Each structure stands twice: as C-alpha cells, then as structure tokens.
Amino acid sequence: MLNRRLLRVKVMQALYAYFQSRSSDYYVAEEHIRNYFQPDLNSMTPPDYEALKRNTQIALRAFEQAHKTKMIEEGVSAEVQVAVQQAIRLYEQNIERDKRHFRRLLIEEIEGLYERYLSVLALLIELAKLVAAERERKPLDPTKVKVAAHYKLADNQIIRFLQENQELQEALKRYYISWQDEEETVKTLYRDHLRKDPTYIAYRDLPQASLEDDYNILDHIVRHHIFPRAQHVWEEEEGQVIEEEPFMYTFFEERDLKWVENRSALRSMVIKTLKSVNPDRPEDFRLLDLSLNWEDDENFILTLYNKTIEEEEENLRTIKQHLKGWEIERLLLVDKTLLQMAIVEMKYCPQIPVKVTINEFVELAKHYSSPKSRNFVNGLLDSIATTLQAEGQIRKSGRGLIDNQ
C-alpha cells in the first residue's frame, strides 16, 4: 500500500531528474548557437572564420545573460539576436518537454507498482507449479522412493486459492504478467535457495500442514527469499573479499532502478493479501488496491511536482533569505529539491501539519543526502515555516488541525 513518504521519495526523484536534465538542455541550446555560426561550405564567398568565432562568443555570452535576466542584451547584431532567440526557444521547448516527460514517468512508475505486486503473487504460484512438476517426475534412481509429503508447497491451500481466484487470474491476463520468460530464475530460486532453507525443510517434513503452516511458509518465502534485506554476504576467495547480494534482491534491482524504495511497500501488500485468504469464504477475498484513495494521492503527487517547478524562483528566494553564512549555489541539488518540496507541501497541503512535513523531509535528507544535511534541513525548514506562518502563507485546516498552526 502506498504511503506518503514513498510518494515524496518518488516526487523527489522525478524533480531531481528534471533539474539535472536542464543542464543538458542548456548545453543543447549552446550547441545550437555554435552550429548556427558554422561556416557555410556551399557558399561561393570564403568564410570569415574570425567573424564567425567572434559572433559565436558574443552569442554564447548573450544567451547566458538572457538565461539569467530573461532579456537579450542591447547592442548585439541582428544575426546574433536571431541565434540567441532560437537558442532560448529551443531551451524552453526542451525543458517543457522534460517537465511533461518526468511527470508522466512519475505517474507510470507509481502505477507500475501494482504490476510488481501481481507478479510476486504469480511467482508464488509458479513455485508451487515447479514443486508439483517435480513430484510428477520419475526419479532418476529407480530404487529411490519419493515421499509425497515432501511436495507440500504444491498443495499449499493459500496458493491453490490464488490459482483458482478469478479476480487474480483476470488481473494477470489484463497486465500480461507471466514468469514464462524467467523459468530459470524460478528454478534457481527453488533449487539453489528455497529447497536448502531449514525453515522450508521443516515445513516440507511436517506430517500434515495446517492453513497456518501454509501461511507461515509463504510469509517466510516472501520476507526472506522474494524480499530479502539488502544484507551483503562477504566471502573469502583466493585471498580476496567479494560481495554478494541475495539472489532475488539482485534480480529485482536489475529490473527496477527504484527497488530499494519499492520493496517495502510491495512486501507489505503481498503479505496483507496472503493474510486475507480464507478458503472457507472465497467471496470475501479482494486484491489490494495500490492506494486507499488514488485521486487524493495523485493530487498530492502532482501538487508537489508541479508547484515545485512553477514556484522555483520564489521558493529559492525564500531559502536564500534564511541561509546564514551560506551561498545558495553551494547547496546540494538534492537539498535544494527537498527544501523546495517542503515549502510547497507546507503551503498547498492544508491537511498535513507543518511539523509532520518538516519531520518527513528531515528523514528524506537523512537517507538521500549528506550526513550533515539532516540538521541543516531541519533548522532551515523551522525558520522558513515560522516566516511563512507569520506572512499568512500557511493555513492548515482539517480534522485535528487549527488554521495557521
């Protein structure tokens, strides 16, 4: 289930990418100016290389000045004016394109979490199918007798319920979710990891598994195999220390750049779904929604994203006014992004108390910025919040809240 902290992280990452992209857009605009003053090799008149070089330098300076002041300096030639105007237009078009691009990716990425949730449920079903197939295979050694009880996962009551649940099966079809292309991954997870797990072996050796036993083993698989902690294993190999991450952690991280943030929410959703299974009351089962109120969450996301970009100049001025002994240019981009987002949340999210906003962004600074950023962001936001409240720019209302507090 989505929570506001995860949503803040997603918006922060999208804004950070957008702010970074503007540097590339600026470089592209500069390249346009350089190309504009390239010699025309098809002209019958020999090019004046010195004049072209001089006009390029003048146009680049004029573009830099126009970028800061929003005005093209007077006294430049008509040709330079045209080059600078084109560069400005190209830059503005590109940053507007990037703004839309990262906003779209932000929403798509969040909505894509639901597909990850479904894929993990499908993975549990695939593991049970693999065990069932192993049970049906004849042993290579004809003298070896198979113990039917050792294949309990194939008959796990909760997995069987999921296999037969129409809502889940329709969702898997609708989102085209399948592990068919990852058969080797499923086999490796079972053969090299799950089958050697003492907890799984203990479950396998039970005379008979109850519904609670079936749930407990799935809970264990989810927590320790599908969503393992990012705990590194250090081994000695020929005198060298090597680092190895858990198998499925690596698998998902390679396919999801934001896996570190996503795994906790997904694990919670999967475990809640497994807990809700009651084979005696199949009509009560429902797949979890990604959000309790997607309309509210989407509005929260887009407010943070759009307002942070739209009011960047004003918010940076506010930050600058509260900096003591610091130049704003020295701030890390991630800190500037978090501070601007916090100001927007304080001003435009009336249901969220100011102290909650400050605490949340201090925590984000702790996890995503430098070691000193936590205290720095905390002190700065306290000071900014006091000023904004005194100016009447923060008005809080809603259950348990009082205006201007």
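User: Which residues lie nearest the centre of the largest pocket?

Analyst: Those are R22, H67, K70, E312 and E313, out of 33 residues that line the largest pocket. Do keep in mind that this is a predicted model.

User: Thanks! Which elements give two or more residues to the lining?

Analyst: There are six names to look for: α1, α2 (49–69), α3 (78–136), α11, α12 and α13.

User: And how much space lies in the largest pocket?

Analyst: About 1,200 Å³.

User: How do the lining residues divide into nonpolar, polar and charged?

Analyst: The lining has 14 nonpolar residues, four polar ones and 15 charged ones.

User: Let's look at α12, then. Which of its residues are buried?

Analyst: Helix α12 covers residues 312–322, and its buried residues are E312, N315, T318, I319 and H322. They sit on the same side of α12, because they cover an arc of only 125° around the axis.

User: What does the face turned away from that buried side carry?

Analyst: That face of α12 carries the exposed residues E313 and Q321.

User: What covers the buried residues of α12?

Analyst: The cover includes α1 (4–36), α11 (294–310), α13 (333–348) and α15 (373–390).

User: Moving along, where is L331?

Analyst: You'll find L331 in the loop between α12 and α13.

User: Is L331 buried or exposed?

Analyst: L331 counts as buried, because its relative accessibility is 7% and the cut-off for buried is under 20%.

User: What does L331 touch, leaving out residues up to four places away in sequence?

Analyst: L331 touches I319, L323, W326, K336, L339 and F376.

User: How far apart are L331 and S373?

Analyst: In sequence they are 42 residues apart, while their C-alpha atoms are 9.7 Å apart in space.

User: Now the whole chain. How many helices and strands are there?

Analyst: The chain has 15 helices and two strands. Of its 405 residues, 43% are buried.

User: What's the radius of gyration of the chain?

Analyst: It comes to 29 Å, whereas a compact globule of 405 residues would be near 22 Å. The C-alpha trace spans about 95 × 70 × 50 Å along its principal axes.

User: Last one: what share of contacts join residues at least 24 apart?

Analyst: That share is 73%, among contacts between residues at least 6 apart in sequence.

Conventions
Residues numbered from 1 in each chain as written. Predicted model: local features only at pLDDT ≥ 70, side-chain atom pairs only at ≥ 80, totals over all residues. Heavy atoms only, no water. Buried < 20%, exposed > 50% of the residue type's maximum accessible area, 1.4 Å probe, protein only. Helix = DSSP H or I, 4+ residues; strand = E, 2+ residues; numbered from the N terminus. Arc of directions from axis to C-beta. Contact = heavy atoms within 4.5 Å. 1 Å grid on protein atoms, 1.4 Å probe; cavity = no way out; pocket = protein on both sides within 12 Å on 5 of 7 lines; lining within 4 Å. Points joined across faces, edges and corners; volume = space filled by probe spheres on them. Nonpolar A, V, L, I, M, F, W, Y, C, P; charged D, E, K, R; others polar. Rg over C-alpha atoms; globule rule 2.2 N^0.38 Å.
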